[in-house]
Amino acid sequence: QLQAYGGGLVQAGGFLRLSCAASGRTFNSYNMGWFRQTPGKEREFVAAIRWSDASTYYADFVKGRFTISRDNAKNTVYLQMNSLKPEDTAVYYCAADLALNLVVAGRSDYWGQGTQVTVSS
């Protein structure tokens with residue numbers, strides 16, 4: 001199971017760090033990712049990290065502002081979000097899959113519950 005937490009209310013220009021903790025099994029060999037969703041819109045890819053070499057991948061709209069990382073010892077993946085904008089407001093989900101392409105495509109086998117991020121202007 002995956003559990004995402006760390007969301008909250010922050011002013012524009014501020015920062016938050018989301019965490020996604022895995023339990024029940026080790027996800028060290030899984031590729032991990034973050035998605036977000038706003039009401040009335042489809043869930044969209046934010047970032048992913050490959051398990052084998054920690055290569056990272058980002059959506060264009062977060063490049064330079066967000067950083068995905070992982071701590072295998074803690075079975076946890078993080079999303080550091082800096083320079084937040086009101087349009088970053090969404091429910092953020094973490095995901096895991098053995099295949100990186102499935103993570104990026106939003107077709108992961110495992111999903112955490114969402115954590116709400118609200119950025120005020």
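Trainee: In which order do the 4 strands of the open sheet run?

Mentor: The pairing is antiparallel. Two strands pair if DSSP finds at least two bridges between them; strands are DSSP runs (E, at least two residues), numbered from the N terminus. The order is β1-β3-β8-β7.

Trainee: Which strands of this sheet stand at the edges?

Mentor: Each edge strand has a single partner, so one side is left without a neighbour in the sheet. They are β1 (2-5) and β7 (66-71).

Mentor: A word on the source. This is a predicted model, where local features need pLDDT of at least 70, side-chain atom pairs count only at pLDDT 80 or more, and totals for chains, interfaces and linings use all residues. Residues are numbered from 1 along each chain as its sequence is written, and side-chain values use heavy atoms, with hydrogens and water left out.

Trainee: How many bridges join β3 to β8?

Mentor: Strand β3 covers residues 16-22 and β8 covers residues 76-81. They run antiparallel. Arg 17 stands opposite Gln 80 in β8. The number of bridges is 6.

Trainee: Which residue is the disulfide partner of Cys 20?

Mentor: The structure holds 1 disulfide (a pair of cysteine sulfur atoms within 2.5 Å). Its sulfur atoms are 2.1 Å apart. Cys 20 lies in β3, and its partner lies in β9 (residues 90-97), so the pair ties together parts 74 residues apart in sequence. The partner is Cys 94.

Trainee: Is Cys 94 buried or exposed?

Mentor: Buried means under 20% relative accessible area, exposed over 50%, partly exposed in between (1.4 Å probe, protein chains only). The relative accessible area of Cys 94 is 0%. Cys 94 is buried.
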